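Here is a briefing on the structure shown below.

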Amino acid sequence: MKKKENYWYLSILSILAFIFIWWLFCDVLKMTKESTLPGPIKVMETFIKKLSSTAPDGATLIEHIGSSLKISMGGWAMGVVIGTPLGICMAWYKKIDLFVRPVFDLIRPVPGLAWIPLMIILFGIGLTSKIVTVFLSAFVPCVLNSYTGIRQTKDVHLWVGQTFGASNFQMLINIAVPTALPLVMTGVRVALGASWTCIVAAEMLASTKGLGYMIQQARGIFRPDIIICGMIAIGVIGALFSWLLSLIENRIVRGAKHI
Amino acid sequence: MKNRFKDAASYEKMICAGISILGFLCLWQLVVSFTAVGELLSGPLIVLSKFVTSIAEPIGTYTIQLHIFWSLSRVMIGFALGSAVGIVVGILMGWFKIIDAIVRPLFEIIRPIPPIAWIPLSILWFGLGEGSKYFLIFYAAFCGITMNAYSGVKSVDPVLIGAAKMLGANNRQVFTTIVLPSCIPHIFAGLQIAIGTSWATVVAAEMVRSTEGVGWMIIKGQDSNSTVQILVGIVAIGIVGYILAVSMRAIEAKLCVWRVRGK
Amino acid sequence: MVNQEQIKVKVDHMTKRFGDLLVLNDISFDVKKGEFLCIVGPTGCGKTTFLNCITKLYDLSQGEILVNGEPVNPRKHNIAYIFQEYSTMSWLTVEENVAFGLKMKKLPKSVIKKEVDEVLEIVGLTKYKNYYPVELSTSMLQRVVIARAFAVKPEILLMDEPYGQLDVDLRFKLEDELLKLWKKLGTTVIFITHNIEEAVYLSENILVLTNKPTTIKEKLSNPLPMPRNVVSPEFIDLRNQVTDLIKWW
């Protein structure tokens, strides 16, 4: 392969250059209007101001973040707690597979956020409709991944269990579930990303609080600086989530992931 | 030896699937007919008949197949552009270290932002028309595919490259005969995910701002309190989503025969 | 005459078909308690099917298999099976892998700990007990599997070409280890191999199988004293005798 060279200084330069160009075009040369693309300094100022100010949408950035987090975590946790065991049971018990999977396959191709309008009619604009929608979008990847994970169990491991006289349930707990664990964790991570996306969409459509609501309102009054602040918050929190989960994953998954 | 996960015979599968789906629909119909839920939610029979009639009678200005066509055309244009650019950027990033060092940090900053969060900004930038939708789908496809093409190049077996070099291949030959073919499966995995994300994104974008398309159908259904229209829209979204995923897999099976047979 | 008490495994008219394909054709033999039986035969003659029937991984088409005079049942009889494939579990440490069988049999923790420590000492893996399988070499993995089998103190130990993929010096070493364990614990062993030298080196009795549909060609007893010398004339004689029996050309 190629020589081992380290270009980390280029990476830092690249980010600095990006910010510099942005600054040059927007703040120095004033080539863009404030209502389409503000410069980095303006965005920074807005970000700091928005931490404590409730204008123009009635809540501080922290409050918006808190609201989004609360709902997405709630729905996600429900999705994991219900979806993962269901996927495991579907893969392990043939009867459940035969009868539950067709219905699951029916709702699976519908993206989570397409349920938003229906849930709003059924449960109103409040918390419940959003939690249910987030739950649905987290539920599907959890089921899918744990199902696939269990199916990867090696026959020879099951034979070992069988010849040692293990019961069906013992084999599920001691052989199939550990085999599936890496994929189950992937499902949990995908589900977290999906619920985070879904909550932003739900808040853009019907809400009075939350990051999605904030950026949607800011669009209405032509404040791209607030939109960009919101996007940064959404991106950073999303990245933090997946980093945290991969830390947990490395803790839980023992041995090598796959041999 | 006994294979635990051997699939049931296909007739047995069909019968069970039939029973469980029918059971689900019956339960739905019963709940709607005999409980208070019926005041809010419409039953499967009405949804089905509405779905069929909307092929002739327009919902809003278009019939259902035209709504689907609108959404699909948005996805296809954005997806084609996004995946083409994504594949090129991803492969370049994977093959040239300098490009990797320059582009990847920027990419990593943008990547965690879900496409849906770009909706407000894209409307400000590209207006309410098609431009903003193409941009969103482009972004959705680009992010997913770039990462996969990149990891595809990165995961090429160095032994293969060594073997080719030993046989006298130059850098360009190594790239075209070894690196490209071995990252095709990764690229397809990316395309598979990206087509799903793109479809979800177009629905979201149409819900936020549009005058036609499946996303518009369901959000208008919400405005007029018509669960029939929402459910017809959801059915359409589900069917198209399913067809998109299946055809993606079919194309992959055609192009990567060596992988499918191995499974 | 063999005393009825001493017969550990009685295979009675064992027949196995897969659809129309007759694999095992009416096989009957006995294995005594504490016997080391090697089964050899031409490639693809259904040796593995044979063992799988004994452990109930397959159901028989006809006939029956009795252990201590009762139909075989892995829940009741203490059986251990060493498979041809590497079967260590990647998510368990060496210690936990070895404890696996005992855990399935729901023995108390203190007993498990004691047995595992003992058997780890015998196979020389005590130092590695906290390692994961990925961190070990193939020969060590195979020792883990053997340790796992012996940890349950099986009445019957079935081995399906356990050393097929190892190189020669390692095989010798593990064969000696196996003999040591067998003598120490008095287990009944049924050992499948395609390696005739291995069979002659290890066994008390050798069962030679025919091509499909498989029947018993001959049962030889192996009187050579242990430890055996692979280059002694008697050894080579016996080896040639078995080879002649197997020849399918």
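**Interfaces and selected sites**

Between chain C and chain A the count of salt bridges is zero; a salt bridge is a side-chain nitrogen of Lys or Arg within 4 Å of a carboxyl oxygen of Asp or Glu. The model is predicted, so local features need pLDDT of at least 70, and side-chain atom pairs count only at pLDDT 80 or more, while totals for chains, interfaces and linings use all residues. Residues are numbered from 1 along each chain as its sequence is written, chains are lettered from A and ligands numbered from 1 in the order in which they are written, and side-chain values use heavy atoms, with hydrogens and water left out.

**Chain C with chain A**

- Five residue pairs are in polar contact between chain C and chain A, both residues at pLDDT 80 or more. A polar contact is a pair of N or O atoms within 3.5 Å; within protein, one must be able to donate a hydrogen and the other to accept it, and residues adjacent in sequence count only if both atoms are side-chain atoms.
- On the side of chain C that touches chain A, the elements giving two or more residues are β6 (79-82), α2 (94-104) and α4 of chain C. Helices (H or I, at least four residues) and strands (E, at least two) are DSSP runs, numbered from the N terminus.
- α2(C) gives the most to that side, with five residues.
- Chain C puts 29 residues in contact with 21 residues of chain A; contact means heavy atoms within 4.5 Å.
- The two chains bury about 2,300 Å² between them, 65% of it on carbon and sulfur atoms. Buried area is the accessible area (1.4 Å probe) that two parts lose on being put together, summed over both.

**Chain B with chain A**

- Here 64 residues of chain B are in contact with 59 residues of chain A.
- Chain B and chain A bury about 5,300 Å² between them, with 77% of it on carbon and sulfur atoms.
- Four residue pairs are in polar contact between chain B and chain A, both at pLDDT 80 or more.
- Several elements of chain B give two or more residues to the side that touches chain A, among them α1 (10-34), α8 (171-208) and α10 (227-255).
- α10(B) gives the most to that side, with nine residues.

**Nonpolar patch on chain A**

- A:F20, A:I21, A:W23, A:F25, A:V28, A:L29, A:M31 and A:I41 form a nonpolar patch on the surface, with about 740 Å² of accessible area together.
- Patches are made of residues with over 30% relative accessible area and no salt bridge: like charges are joined within 9 Å, nonpolar side chains (Val, Leu, Ile, Met, Phe, Trp, Tyr) within 5 Å.
- Accessible areas come from the Shrake-Rupley method with a 1.4 Å probe; for residues, only the protein chains shown count as cover.
- Helix α1 (residues 8-28) of chain A supplies the largest share of the patch, five residues.
- A:V28 lies in that helix and is partly exposed, at a relative accessible area of 43%. Buried means under 20% relative accessible area, exposed over 50%, partly exposed in between (1.4 Å probe, protein chains only).

**Single residues**

- C:Q142 sits in helix α4 (residues 138-151) of chain C and is buried, at 0% relative accessibility.
- B:S210 is in the loop between α8 and α9 of chain B and is buried, with a relative accessible area of 17%.
- A polar atom of the B:S210 side chain lies 2.9 Å from the backbone oxygen of B:E206.
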